There are 2 protein chains.
Amino acid sequence: MNIPYCLRRTRHLNADRIATLHGESKVTYREFAAEVDRSARKFVTLGAKKGDRVAVLMLNCPEYLNFYFSIPLCGAAIMPLNTRWHRNEVTFTLIDSGATILLLDEKHAPILSEIREALPWVRHFVYVGDGNCPSDLEDWRKIPPADVAEFEEPHEDDMAGLFYTSGTTGGPKGAMLSHRNIWSNTVHALLSPNALSDDAVYLHAAPMFHLADASAIVGLTLLGATHCFLATFDPEAVLQLIHKYRVTHIVLVPAMLNMVVNHPNFDRYDTSSLRRITYGASPMPIPLLQLSMRKFKAEFGQGYGMTELSPVATILGWADHKLENLDQEFTPIKSAGRAVIGAEVKVVDDLDRDLPPGQIGEIVCRGPNVMLGYWNRPEINAEVLRGGWMHTGDLGVFDENGFLYIRDRKKDMIKSGGENIYSPEVESVIAGHPAVLEAAVIGVPHPKWDEAVRAILVLRPGASLTEAALIEWCRERLTHFKCPSSVVFMKELPKGGTGKVQKSVLRASAS
Amino acid sequence: MNIPYCLRRTRHLNADRIATLHGESKVTYREFAAEVDRSARKFVTLGAKKGDRVAVLMLNCPEYLNFYFSIPLCGAAIMPLNTRWHRNEVTFTLIDSGATILLLDEKHAPILSEIREALPWVRHFVYVGDGNCPSDLEDWRKIPPADVAEFEEPHEDDMAGLFYTSGTTGGPKGAMLSHRNIWSNTVHALLSPNALSDDAVYLHAAPMFHLADASAIVGLTLLGATHCFLATFDPEAVLQLIHKYRVTHIVLVPAMLNMVVNHPNFDRYDTSSLRRITYGASPMPIPLLQLSMRKFKAEFGQGYGMTELSPVATILGWADHKLENLDQEFTPIKSAGRAVIGAEVKVVDDLDRDLPPGQIGEIVCRGPNVMLGYWNRPEINAEVLRGGWMHTGDLGVFDENGFLYIRDRKKDMIKSGGENIYSPEVESVIAGHPAVLEAAVIGVPHPKWDEAVRAILVLRPGASLTEAALIEWCRERLTHFKCPSSVVFMKELPKGGTGKVQKSVLRASAS
């Protein structure tokens, strides 16, 4: 099983279905498959061969979808770059990966002059966009497709994608995902309660460089469903495109959903076509979920996973989205759901011994979706993949029915006075305050208690709140030792590619 | 991915669901998993180890289900024997496979004395049944479970089952199916339009020794759905059990369906619980399908495949069960459906070149569901698996939309006067005659035309028909050269394990 098969099947069985809707253009799978074939031949012209890495630094667009299929078709691996990275991070990953081709869109072409000198391995810098091609780039449109009789069938264990992630430990690393990794996850997701369907119209609103979206890329294509694109996240544009294309399925991280449901123009758009909203990547505050479920008449699903798992490990389906028993520690709506079919999930202690339901430990996962390993990081691989299980670095606990409750990133857990404090629990209480738009909780060094709890807040426009009032709010709702002892107000929180708050940045500026 | 995982998952997530209904007993998955674990330890006591073959010669029962999980759990492969075989065939497969343990039920225990001497490799003959254990057998109930701390996790490419089949060529052979083969097919089937669901109540009415049923065994267990059992096929008992257990899903071959829908007591039973009826293994006459769709208010699905494909290759789902355009050569209801997700299907010529839609050739299949190979048959494996594709020995043709139309077994096709005659086309016309219960068409040697078409018929009780009248019926509906030139009347047609007519037997007695 491999990526080319997924498109080949749809070309064979559902050639006349609509692959992409973009602007006013409609492209069938017959046309899309022909374009992918043509693009793969262009990569051959550029010298791409089995095992090569082809880097993509672009906003969401139909060409990005094409590259997810044409790069693996010619035997190479796609290497999507985070569009929010600083140029130093772009440079680092290009050097670390040894990518030989870099594809840039109009938005990103300008940074090339700043980084070009530092990239000894890249042989082709290619402009993918409308308008004039900058003089220091090759024009994708003008590259002639090579004359290739037939592409060699990739082996399912060949690397199909190299996805850089800050990951569990040791700085940015490229997670090597094989064809089978991606295929397996696609199938696991399709077997899940919140599966895509073949009549889906899906909006790529989350960034296509991230695997949370890439998973849908393969699944939709395998089913012969329809892709729509939002170049870069904008809450009103999400509403506009749902309205325009009658979008049925979307994946949004909580921070995006927050902006969409709170948008002042929400009611101007018809969102009744939406059937499934999947969220994930960071904890979902219950008040936001309540509001979202009220505003959208869609089914909600939560996915939990990570790039290294291609990416899904557990799913909380619509049937378990019941806003009840919220005062109990274990109620499904507070969980990340249950292991998808095909991925085994356990909670273990520091010696990798299985923990029973009710005990918090590290979440580990095994299955054909687990990455081949990190690119050129044999020591870290030996550590995180020990015993054949991917060690996620996340702390979690099972209830008696196999629902998994995520407590915190192992490294974000706060240790104060001998107690373990899981930051999302505190954040969830703070997010319930009417003046708060967003919140993060970190540990800051403390001479007596090792760490003290600090809350970092973004207030809603026009709202006001004092440090003392926020601490009081928490004391009414949380055990004393979990309450913040200091509060910092910010205009916005630093975020990574999927909208996840970067606590390492907050910690660095706190110390 | 492996067989033990499928049960482990359900034990973890859905322990309290009902695994089996049998007589008046209800067993949960918690209880079933404990019993499987205990049974695997008994197999260890009997010396079963990784790679061993454990043969099962039993009618359908809950213990059979247990063995499908407990034998692979201890690392061995289950080897189900066809209960309709002559003792010589049983002896042949036991010798050929080198099975070391043979499990027999009450029905089959008596044949042991006749074959025991011929079985040098079998170390344990075990009686699995109620009542007294015959003196020449070990009593399964009395075998103590070994003390095993934990079973080694099988590798997904280890053999999980050895299924003897008459197959495509060269006499009976054991198809070696790995854990991954069976897992993949389970997943492919679950992604298909006529999938099982987790609230299914499934009746094992087709024999559990055959993979058409074994596929459901794994899928139901993975989902935590419920199994019911019919020891041996009986049309009224099928109706009784559907009524009693509110059965929702069933797999029947056309010959079985024929007996069920034509049963005089059909209307005495409530079959309204049935949601899905899947048929396959031999061609479905349209009149029988029409009658069945009228009598059952269920969704119908057709599966096409073979043991070597673990077993499903294509599925015709309910949405395509439209009894329309029956006069056209290509209308989906006349097809075997489309390739399931995960299995690639092509039609090729004698030189293995792809054929376009509309051209008849051999059906070949590729995917993780394709068997490891035949046991100890390297030369046949090299032939049937050449180029990485399983050559099915079936002739078929695609339409423009990827629907696959099965024409005949390659070896059953009749060549007469330079024309190719596909026997099912002729059989389907004959089956439409009101006096005909069943029909088979074969080629018999002819001095001038190479072969002549012969029809072999079973008439409905009380009906009468002459050779001339049947030939006339065909001449009104078929091109002249396709019409039988001779007709033979029989009381019943010789059939194999799944109710497939044994044309080799008919041909042998005709020459």
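**Overall architecture**

Chain A contains 14 helices and 26 strands, where helices (H or I, at least four residues) and strands (E, at least two) are DSSP runs numbered from the N terminus. This is a predicted model, in which local features need pLDDT of at least 70 and side-chain atom pairs count only at pLDDT 80 or more, while totals for chains, interfaces and linings use all residues. Residues are numbered from 1 along each chain as its sequence is written, and chains are lettered from A and ligands numbered from 1 in the order in which they are written.

Q: How do you know that the radius of gyration of chain A agrees with that of a compact globule?
A: The radius is taken over C-alpha atoms, and the globule rule is 2.2 Å times the number of residues to the power 0.38. For 511 residues a compact globule would have a value near 24 Å, and chain A has 23 Å, which agrees. The C-alpha atoms of chain A fill a box of roughly 70 × 50 × 45 Å along the principal axes.

Q: What makes a residue of chain A count as buried, and what percentage do so?
A: A residue is buried if 20 or more other C-beta atoms, placed from the backbone, lie within 10 Å of its own, exposed if 12 or fewer, and partly exposed in between. By this count, 52% of the 511 residues of chain A are buried.

Q: Why is helix α12 of chain A described as largely enclosed?
A: Eight of the nine residues of α12(A) (residues 423-431) are buried, so the rest of the structure largely encloses this helix. Among them are A:P424, A:E427 and A:I430.

Q: How do you know that the span of helix α2 of chain A agrees with its number of residues?
A: The expected span is 1.5 Å times one less than the number of residues. The 17 residues of α2(A) (residues 29-45) should therefore span 24 Å, and the end C-alpha atoms are 24 Å apart, which agrees. The buried residues of α2(A) include A:Y29, A:F32 and A:F43. Their cover includes α1 (3-13), β1 (18-22) and α3 (62-73) of chain A.

**The two chains**

Q: How do you know that the copies meet through the same surface?
A: Contact requires C-beta atoms, placed from the backbone, within 7 Å. In chain A, 14 residues are in contact with 14 residues of chain B. The copies meet through the same surface because 100% of the interface residues of chain A are also interface residues in chain B.

**Backbone details**

Q: Why is A:D450 called partly exposed?
A: A:D450 has 14 C-beta neighbours inside 10 Å, and therefore counts as partly exposed.

Methods
Two residues are in contact if their C-beta atoms, placed from the backbone, lie within 7 Å.
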